Amino acid sequence: MSAATDIAPVHEAHEPTYAEATKRNRLGLWIFFISEIFLFGALLASRFYLWGNTRPDLDQNIGLITTGILLISSFFMAWAESAIKYNDRKAFLRNMLITAALGTLFIIGVVGVEWGGELKPTDGTYGAVFYIMTGMHALHVISGVILILINWNIARKGGYSSKEHWGIEGAAIYWHYIDVVWVFFYPALYLIGTPVSIH
Amino acid sequence: MEETNQLEQKKKAEYRQNLFIFLALVLLTLIEFFVAINLDDPRVLLVIIALVKAGLIVQFFMHIYRLWRPEEHE
């Protein structure tokens with residue numbers, strides 16, 4: 001036998017452990033977020049390019065209330081993730097449902113109430129930018145709510161444990177990411193610039 | 001028994017931390033709102049507040065530090 005064949009391969013193929021798989025999944029999710037930063041960053045850039053130091057005269061109460069709702073939902077999501085980590089299943093299941101309900105309420109606030117206001121998608125750059133920013137964000141909130149409900153259903157049937165719950169962690173990180181996007185969208189849409197009456 | 005107590009204390013500490021971060025975010029949002037209403041040109045301040053809020057969420061809710069944490073802590 002030659003010397004070359006005597007050397008054992010350094011990396012033998014093996015099934016990744018749950019911890020290894022989680023580490024890879026986590027990295028994959030963050031790389032996905034980097035791609036999303038380009039999407040939302042482009043929307044923010046278009047807002048500042050097209051609106052400059054102005055903004056449509058939107059209802060400040062709706063802006064503050066929807067922001068508050070999303071913030072509270074993030075708190076319940078964080079609580080749910082901590083709860084599954086410490087095997088507190090009752091708190092976990094309850095908080096996941098509360099998060100999904102608050103996410104739905106946020107959608108109702110933005111799409112149901114704010115979209116029904118004076119500003120229409122056809123109102124020039126103000127309408128176009130406002131609807132694409134809130135619409136793209138709302139799409140992410142809807143997918144986040146679906147993700148939470150899928151995970152809630154899996155957990156309700158006994159899935160996940162205090163040690164193995166990547167699905168929950170992934171959904172939680174995604175939900176908080178949606179919150180981070182709104183942290184920048186809220187001042188860009190509602191607070192920065194001189195209000196301009198469209199009609 | 002000792003281990004159960006320690007776990008319970010860790011759980012309470014984590015719940016408490018989540019609550020503190022949430023309250024900090026609420027406070028910053030209210031400051032953001034009042035700054036926007038009362039200042040003539042609040043742009044710089046609003047960007048700083050948004051960056052602080054995002055930093056808190058990324059660190060404490062999204063746990064970005066787990067990306068470079070050794071596997072034995074999983």
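Predicted model: local features only at pLDDT ≥ 70, side-chain atom pairs only at ≥ 80, totals over all residues.
Local features need pLDDT of at least 70, side-chain atom pairs count only at pLDDT 80 or more, and totals for chains, interfaces and linings use all residues. Residues are numbered from 1 along each chain as its sequence is written, while chains are lettered from A and ligands numbered from 1 in the order in which they are written.

**View 1. Confidence in the complex.** The predictor gives the complex an ipTM of 0.91 and a pTM of 0.91. Chain B averages a pLDDT of 91, and 95% of its residues score at least 70. Here pLDDT is the predictor's confidence in each residue, from 0 to 100.

**View 2. Chain A, the overall trace.** Chain A has 6 helices and 2 strands. Both kinds of element are DSSP runs numbered from the N terminus: helices are H or I with at least four residues, strands are E with at least two. From the N terminus on, the order is α-α-β-α-α-α-α-β. The radius of gyration of chain A is 22 Å, well over the 16 Å that the globule rule gives for 199 residues, so chain A is more spread out than a compact globule. That radius is taken over C-alpha atoms, and the globule rule is 2.2 Å times the number of residues to the power 0.38. Along its principal axes, the C-alpha trace spans about 85 × 45 × 20 Å. Buried residues make up 37% of the 199 residues. A residue is buried if 20 or more other C-beta atoms lie within 10 Å of its own, exposed if 12 or fewer, and partly exposed in between, with C-beta atoms placed from the backbone. Among contacts in chain A between residues at least 6 apart in sequence, 81% join residues at least 24 apart. Two residues are in contact if their C-beta atoms, placed from the backbone, lie within 7 Å.

View 3. H3(A) covers residues 60–85, and its 26 residues should span 38 Å at 1.5 Å a residue. The end C-alpha atoms are 38 Å apart, which agrees. The expected span is 1.5 Å times one less than the number of residues. Asn87(A) follows H3(A) and has a positive phi, near 60 degrees.

**View 4. Arg55(A) in a strand.** Arg55(A) sits in strand S1 (residues 54–56) of chain A. Arg55(A) counts as buried because 21 other C-beta atoms lie within 10 Å. Beyond four places in sequence, Arg55(A) touches Leu189(A), Ile192(A), Gly193(A), Pro195(A) and Val196(A). Phe130(A) is 75 residues away from Arg55(A) in sequence, with a C-alpha to C-alpha separation of 9.4 Å.

**View 5. The largest nonpolar core.** This core holds 58 residues, and Ala80(A) and Val181(A) touch the most other members. A nonpolar core is a set of buried Ala, Val, Leu, Ile, Met, Phe, Trp, Tyr and Cys residues joined through C-beta atoms within 7 Å. Elements giving two or more residues to the core are H2 (18–51), H3, H4 (89–113), H5 (124–156) and H6 (166–191) of chain A, together with H1 and H2 of chain B. H6(A) gives the largest share, 19 residues. Leaving out residues up to four places away in sequence, Val181(A) touches Phe40(A) and His137(A).

View 6. Chain B has 2 helices and 0 strands. Its radius of gyration is 17 Å, whereas a compact globule of 74 residues would have one near 11 Å. The C-alpha atoms fill a box of roughly 60 × 25 × 10 Å along the principal axes. Of the 74 residues, 19% count as buried. The 37 residues of H1(B) should span 54 Å at 1.5 Å a residue, and the end C-alpha atoms are 54 Å apart, which agrees. Buried in H1(B) are Asn18(B), Phe22(B), Leu25(B), Thr29(B), Glu32(B), Phe33(B) and Ala36(B). Their cover includes H3 and H6 of chain A, together with H2 of chain B.

**View 7. Ile21(B) between the helix and the chain end.** Ile21(B) lies in helix H1 of chain B. With 18 C-beta neighbours inside 10 Å, Ile21(B) counts as partly exposed. Not counting residues up to four places away in sequence, Ile21(B) touches Leu56(B), Phe60(B) and Phe61(B). The C-alpha atoms of Ile21(B) and Phe60(B) are separated by 7.4 Å, at 39 residues apart along the chain.

**View 8. Where chain B touches chain A.** 25 residues of chain B are in contact with 27 residues of chain A. On the chain B side, H1 (2–38) and H2 (43–61) each give two or more residues. H1(B) gives the largest share, 12 residues. This side divides into 15 nonpolar, 2 polar and 8 charged residues. Ala, Val, Leu, Ile, Met, Phe, Trp, Tyr, Cys and Pro count as nonpolar, Asp, Glu, Lys and Arg as charged, and the others, Gly among them, as polar.
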